[in-house]
Amino acid sequence: MTGVTMIAPPSLDGKRLAFVLAEDRLGHYAEFRDFFVRAFDLDRIGLARPGFLRVASGGSYALVFIGRSGEAFPSGVEIHAIVPALEPLDEAVVDRDLWAILHWIIDGVGGAWTVEALQETGRLFRIPLAMEEPGRSEL
Amino acid sequence: MQTVTLPDGIHQQWPFAPRFARVNGWRMHYVDEGAGDPVVLLHGNPTWGFLYRDFVAPLTQAGHRVIIPDMIGFGLSEKPTREHYHSLDGHIANLAALLRGLNLDRITLVSHDWGGPTGLGFALGNPGGMRALVLMSTWSWPLPPAEFHTRIFPWRMMHAPLVGPYLLGRHNALAGRGVYLSVVDRARFAERAMAAYESVLSDPATRLLTWVWPRWIPLDDTARALDRFAWLERELRACTLPALLVWGREDDVFNPAIFATRFKHLLPQAEGPHLVTGRHFLQEDSGPEIAAHIVDFLRRVP
């Protein structure tokens, strides 16, 4: 369980979209783009609205999909934290939320892409949140 | 303008005067030391000229002019913030802009990692200006990829969509830890050099190329640069330049038994491979020894 759920578009009154992560080449491995198309029904919805996620911390995120001439849609995606308009981000919370969202993505992509491989890669590179998870990497 | 502050301990190891050239609209940093026939030393991902710090003195003392550029996107060069800036052809053109601007002739190119395809892209397209080639832990053909590059853990996961921007962007995983894992003497590297690679990629937006270059390595026949790599292989096969191969014995990215052997097949006139202590970043473990091999090799090259 990743603690990440898809939600309906939330009210943005008094909020701002704070840019936190971007991917210019979502289809580098086609199964990643396919996952987002399936999960957010993008063949039907297209650019009409972002996708929205809520994570276990209670934070909400907007996924803004990007189109690029000559490439399958979506070509990219931006992840924005939905936060009180005039308040600073809690970077530690955002980092934890993004790590959870990555687990959700990899779980959804599936096949050869496993959450265990993501965690092991995170541990190999000493990503702090990955080090909190049980694992094998001793390098 | 992006600025980079090197830590004190790094400055002492890299005392060379910074120089800058405009290449294709971007600001490229390079050093230019000594006098004589030029030796151009090319780094790859995610390093910069610092990788060759132990090469400058022996090469200049042997009568060579040493030029070490930082690829656009790395080191002290300007760092574009959009993935679409970067392409293999574009980086070859950047190198061409620098070397033509310096009006060089009788060039010896020393290439490592992505310095291989980019450097050879220039050398094989401009053979008249070349003197010799030195190749280390690299490749320049379309397929098959290194077995290491086909694995999801850790290679493909590391640069996967959104995972790359998180691990390598937000957490700078490749410039420090990634290089650390690919040297033999990790304690020495951590003490003397790791900060040099981490400090020049100080913010997430400056780290883009660390996950973009891995995406340019052909894994199958749909790869973007397949035609360029096929051209590189064809031209290499016809290349008669003197060449030297140097590889790390412990290289677990570009296994010498496969990659040095294939270069030897393409360039049968090549000397070597000389095997030295080293994983992929062999310059970190055996810099002076490799420099001595190059000096000795060039002493015998017309």
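**Salt bridges in the predicted model**

Over all chains, the count comes to 21 salt bridges, a salt bridge being a side-chain nitrogen of Lys or Arg within 4 Å of a carboxyl oxygen of Asp or Glu. This is a predicted model, where local features need pLDDT of at least 70, side-chain atom pairs count only at pLDDT 80 or more, and totals for chains, interfaces and linings use all residues. Residues are numbered from 1 along each chain as its sequence is written, chains are lettered from A and ligands numbered from 1 in the order in which they are written, and side-chain values use heavy atoms, leaving out hydrogens and water.

Let's start with Arg215(B) and Glu83(B), whose closest N and O atoms are 3.1 Å apart in a salt bridge. Arg215(B) sits in the loop between helix H11 (208–212) and helix H12 (226–238), and Glu83(B) in the loop between strand E4 (65–69) and helix H3 (88–101), 132 residues apart. Here helices (H or I, at least four residues) and strands (E, at least two) are DSSP runs, numbered from the N terminus. Arg215(B) is buried at 3% relative accessibility, and Glu83(B) is buried at 3% as well. Buried means under 20% relative accessible area, exposed over 50%, and partly exposed in between (1.4 Å probe, protein chains only).

Now turn to Glu147(B), which forms a salt bridge with Arg151(B) at 2.8 Å between the closest N and O atoms. Glu147(B) is exposed at 51%, while Arg151(B) is partly exposed at 34%.

Finally, Glu271(B), Asp296(B), Arg299(B) and Arg300(B) are joined in a network of salt bridges.
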